[in-house]
Amino acid sequence: MTSFPTVRMRRMRQNEKLRSLVRETRLSVEQLIYPLFIAEGIQEPREITSMPGIMQWPVEHVGREVERIAKLGIPAVLLFGIPSEKDEVGSQAYATQGIVQQAIQRIKAESPDTLVITDVCLCEYTSHGHCGVIRNGDVHNDESLGLLSRMALSHVEAGADIVAPSDMMDGRIGTIRHALDEHGFSQTPVMAYSAKFASGFYGPFREAADSTPQFGDRRSYQMDSANAREALREVELDIAEGADIVMVKPAMPYLDIIRQVRDYCDLPIAAYNVSGEFSMIKAAAQNGWIDERRVVMEVLIGIRRAGADMIITYFAPDVAKWLKEE
Ligand code: PBG
């Protein structure tokens, strides 16, 4: 093997043209998905305290906001709803005129080319804040499935392009796939939150979506952060049930999982750069401790290098602008 001084690694790092020529991983705006929170019963956008610059939107404003996102070249939004009424079974999650169903209709009317992805999960809609129905103090898997597929179907009927179940009940992908097919939506893709870990990084989201569990935690359905083989089993099952895209979430502490899923299957992979990952960087940047733009670009390229095809990130609008400047 030839080595120094014949080989000099620094030769290809001399200027940006050379560096760009040998760059192995790229990030482009077409790979970004921007999450949006739509809240019922508010008149003006309300900033989420723990997520500077991220808003809860009144449904009347959402069309305009999506248009702004579309102009930046971002192809897709991921919708979360915050209803004004919650109950034991999350009825507003699958109400025909629920908050997300209304938002989908508006977006499709005002910014029709934007892909609308919807989060399918009951936790924002249940009074107890869990992702399914409660029986004997625990989340009942099979009884929750029917509600989740009703929710997914109501989103698709309202015009959603992709549904993204995030509840981590067993069998949800197959149940939802079946429900969509039965109602003539065999062309609607399912993005499965396959490897979703029980994570402290969801903290700011729970303020944003008002979905903190009122008792206990989500460890009986979300994954233990120590487990990688189990993540591959989750992915395998979701593929068998008909997932079109598999997701790893959160992203930064789980780059090894993204890589293993990439090596394990050929499906498109989404990575969710979650609220805590966003807020942590924002807080450090606001203190002047890190250079926000540099750090965000480094994080996102790291997620791409690990193997993700698409990234769900609250930084999407900033990144879209930065990519234009490069
Ligand atoms: C569940 C859901 C959560 C997130 C996305 N979908 C929260 C949870 O499981 O507690 C987290 C997203 C984020 O932190 O940015 N509906």
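Good morning. V120 stands opposite P165 in strand β8. Strands, like helices, are DSSP runs numbered from the N terminus, with at least two residues (E) for a strand and at least four (H or I) for a helix. What we are viewing is a predicted model, in which local features need pLDDT of at least 70, side-chain atom pairs count only at pLDDT 80 or more, and totals for chains, interfaces and linings use all residues. Residues are numbered from 1 along each chain as its sequence is written, and side-chain values use heavy atoms, with hydrogens and water left out.

Let me stay with β8, which covers residues 162-165. Strand β5 (residues 115-120) runs parallel to β8, and four bridges join the two; strands pair if DSSP finds at least two bridges between them. In a regular strand, side chains alternate between the two faces of the sheet. In β8, I162 and A164 point one way, V163 and P165 point the other way, and all are buried. Buried means under 20% relative accessible area, exposed means over 50%, and partly exposed lies in between, using a 1.4 Å probe and protein chains only.

I turn now to the core. Nonpolar side chains tend to be buried together in soluble globular proteins. A nonpolar core is a set of buried Ala, Val, Leu, Ile, Met, Phe, Trp, Tyr and Cys residues joined through side-chain atoms within 4.5 Å. The largest one here has 112 residues, and F37, M191 and V319 touch the most other members. Helix α4 (residues 141-158) gives this core its largest share, eight residues. Which residues does M191 touch, not counting those up to four places away in sequence? Among them are I162, V163, A164 and P165, together with I33, I117 and M310; contact means heavy atoms within 4.5 Å.

Next, the loop between α6 (203-209) and α7 (229-240), where P213 is placed. Is P213 buried or exposed? P213 counts as buried because its relative accessibility is 12%. Beyond its neighbours within four places in sequence, P213 is in contact with H128, G129, H130, R206 and R218. D210 is found in that loop between α6 and α7 too; its phi is near 50°, a positive value in a residue other than glycine.

Finally, two cis peptide bonds. One runs from F4 to P5, with omega near 10°, and P5 is found in the segment before α1. Another runs from K249 to P250, with omega near -10°. P250 is found in the loop between β10 (245-249) and α8 (255-264). Thank you.
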